[in-house]
Amino acid sequence: MTTTAVQTLDAPRLRADFPIFEQRFHGKPLAFLDSAASAQKPRAVIDAMSTFYETSYANVHRGVYQLAEMATEALEGSRETVRGLLNAPSAREVIFVRNATEGINLVAYAWGLSNLGPGDLVVATELEHHSNFVPWQYIAGRTGAGFRLLPVDDEGELQLNALDAVAAGGTVKVVAAGVVSNSLGTINPVERLAAWAHERGAIMVADAAQAAPHRRVDVQALGADFVAISAHKMCGPSGVGALWGRAELLERMEPFLLGGHMIRAVGDERTTWGELPHKFEAGTAPMAEAVGFAAAVDYLHGVGFDAIERHEHELTAYALGRLAELPWVTAYGPPADRRAGIVSFNVDGVHPHDVAQILDFDGVAIRAGHHCCQPLMRRLGVTATNRASFYLYTVREEIDRLVEGLHKARKVLA
Ligand code: 7TS
């Protein structure tokens with residue numbers, strides 16, 4: 001007889017790993033419902049970075065002395081950990097960048113400037129975060145290529161049946177889409193978009209910044225050509241992220257940033273580029289940050305991605321259910337079974353910033369604004385929303401405190 005173990009997680013126990021929860025805000029315990037903006041850090045990540053600074057710190061890929069070799073090993077070991085996280089075929093294809101935004105800019109500049117021109121099209125989506133929208137709009141503009149948007153329906157799900165119409169009249173060269181929407185939590189069918197892109201000879205650029213913290217991101221299963229993530233959204237430090245790209249594309253691309261470390265030989269007239277990944281890693285690497293990133297990945301593996309996904313799904317269903325009890329709240333986005341742990345909503349007659357302010361007095365932290373998705377806000381017919389987002393340390397009681405706060409906000413402000 002075979003049994004399938006159902007992976008679960010114990011959020012109250014995991015909270016003890018995160019020093020931030022020891023602190024009070026306005027005299028209240030912290031209900032941190034803004035992990036989609038950036039996640040909190042477990043002690044394991046903070047300690048890994050401190051230990052690196054205390055025992056193994058020197059600049060990498062330069063020194064011949066033992067300490068420099070230790071630092072280089074730490075950086076390259078971290079790269080291997082990120083490779084494993086993404087199931088990338090080779091660590092050469094994993095480039096450390098500052099964040100997902102920089103990773104996408106790298107592709108837009110280094111691939112886009114050389115490969116786009118008049119008659120070509122870049123197809124992004126109405127759901128995109130500005131990070132996977134503005135670089136493409138800009139590079140399309142600079143190269144004379146067209147920039148088109150795949151629309152969403154009223155629930156914020158991509159309308160794949162509009163793809164061919166969106167692509168009419170041009171040669172699609174780039175399809176740029178997020179794996180999970182940061183505003184609505186929508187989980188996008190990137191595998192299908194990638195197949196559609198490849199049928200047309202286009203590249204697929206997947207923004208996995210909001211997916212990688214919460215679910216397994218397997219670059220080979222996604223079928224994308226480039227995938228960008230940020231460490232800070234997945235319990236890692238700020239200042240580091242990763243771009244995965246197919247080696248055959250990266251090898252043919254011009255560099256993005258230029259300077260130290262990324263060269264093979266510098267002549268007075270002309271310079272040749274180093275091997276992957278170094279060609280795309282100009283300057284001193286984010287060494288301690290990469291070590292923290294790897295510690296975060298190890299931490300998440302320890303908790304288990306299946307357990308994280310299940311936990312968030314339960315919280316999302318619970319939150320949507322609680323919000324549905326409030327006739328004066330409008331929630332946006334698809335049903336709980338088709339989204340990650342993100343809930344966007346508005347309280348009738350109250351500006352989202354005022355709602356967030358009232359909640360803050362009770363120690364409840366949510367985000368209010370356009371969430372770097374102005375095109376999506378226009379599509380939804382709003383200028384801003386409130387957004388609560390959940391992670392492995394979120395407990396139901398925090399959602400109850402959110403709902404209590406909404407009652408209060410309505411009473412005081414509506
Ligand atoms: N892509 C998505 C889907 C995101 O959610 C974000 C950040 C980014 C890209 C950019 O990440 P960065 O690390 O390069 O800044 N999203 C948010 C958010 O939802 N609230 O604050 C930042």
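**Backbone exceptions**

Tutor: P277 lies in the loop between β12 (271-273) and α10 (287-303); helices (H or I, at least four residues) and strands (E, at least two) are DSSP runs, numbered from the N terminus. This is a predicted model in which local features need pLDDT of at least 70, side-chain atom pairs count only at pLDDT 80 or more, and totals for chains, interfaces and linings use all residues. Residues are numbered from 1 along each chain as its sequence is written, and side-chain values use heavy atoms, with hydrogens and water left out.

Student: What is the peptide bond from L276 to P277, cis or trans?

Tutor: Most peptide bonds are trans. The bond from L276 to P277 is cis, with omega near -5°.

Student: Where is H261 found?

Tutor: H261 is in the loop between α9 (247-252) and β11 (263-266). Its phi is also positive, near 75°.

Student: Why does N87 count as partly exposed?

Tutor: Buried means under 20% relative accessible area, exposed over 50%, and partly exposed in between (1.4 Å probe, protein chains only). N87 counts as partly exposed because its relative accessibility is 31%. H261 is partly exposed, with a relative accessible area of 21%.

Student: How many of the 414 residues are buried, as a percentage?

Tutor: Buried residues make up 56% of the 414 residues in the protein chain.
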